[in-house]
Amino acid sequence: MASQSIGAQVAINIFLFLLVMGMASTVDIKIMRQQLRNYKAISIGLFCQFFLMPFFGYLVTIAFNLPVPVGVTLIIVVSSPGGSYSNWWCALFNADLGLSVSMTTASTILSLGFLPMNLFIYTYAAYNSQDSEVGGESVIKSINFGVIFISIAVVIGAIATGVFCSYKFDTPRWHKI
């Protein structure tokens, strides 16, 4: 059974890598550079990603008195960086993919610090005042940070690979693939 879960994790990370790399490789490098200099849009996105969303997830957890597994899962989801699906939706609806990939890049890198900080703050605030143990250990200790950081590393690697491919193969045909 353990090998199945490892196999599933490997498959999920491979598909995540391919999805993010594919989206990142279709972005024109010049447009991405412009978007990375768009400090106002990036700052607003990062504020919403790392301050508003986790806070609202915490409020939902408290307002609906969610059980520990559901509440912690919600806090993890709203504290995690955005990325692959927003890139996909932007590509599907012909939105600003350069801005989406730039936001994904910035939020993924910053999530190395903000994700554990938000998880600690909001899970502690929501569940540490109660008798909140999961399987005999505290809620914070029950979170598998290793798997979370592996996923973040996969996304960072995929963005770097995709941007490198976009730079190396800077042709209109490549950007359409």
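In which loop is the place of Asn-94? In this predicted model, Asn-94 lies in the loop between helix H5 (84-92) and H6, and the description below sets that position within the chain.

The model is a predicted one, in which local features need pLDDT of at least 70 and side-chain atom pairs count only at pLDDT 80 or more, while totals for chains, interfaces and linings use all residues. Residues are numbered from 1 along each chain as its sequence is written, and side-chain values use heavy atoms, with hydrogens and water left out.

The chain contains nine helices and two strands, where helices (H or I, at least four residues) and strands (E, at least two) are DSSP runs numbered from the N terminus. Along the sequence these elements follow the pattern α-α-α-α-α-α-β-β-α-α-α. Of the 177 residues, 36% count as buried, that is, with under 20% relative accessible area, whereas exposed denotes over 50% and partly exposed the range in between (1.4 Å probe, protein chains only). The accessible surface of the chain comes to about 10,500 Å², of which carbon and sulfur atoms account for 70%; such areas come from the Shrake-Rupley method with a 1.4 Å probe, and for residues only the protein chains shown count as cover. Among contacts (heavy atoms within 4.5 Å) between residues at least 6 apart in sequence, 81% join residues at least 24 apart.

Two packed helices are described by the angle between their axes and the distance between the axes. For helix H2 (residues 29-36) and helix H6 (residues 97-127), the axes come within 8 Å and cross at roughly 60°; axes are lines fitted to C-alpha atoms, for helices over the stretch in contact, and angles run from 0 to 180 degrees between N-to-C directions. H2 and H6 are therefore oblique to each other, a term for angles that are not under 35 degrees (roughly parallel), over 145 (roughly antiparallel) or 65 to 115 (roughly perpendicular). On the H2 side, Ile-31, Met-32, Gln-35 and Leu-36 meet Gly-98, Leu-99, Val-101, Ser-102 and Thr-105 in H6.

Most residues other than glycine have a negative phi. Asn-65, although not a glycine, has a positive phi of about 50°; Asn-65 is placed in the loop between helix H3 (39-63) and helix H4 (68-79) and, at 60% relative accessibility, counts as exposed. Asn-94, likewise not a glycine, has a positive phi of about 55°, and Asn-94 is exposed, with a relative accessible area of 71%.
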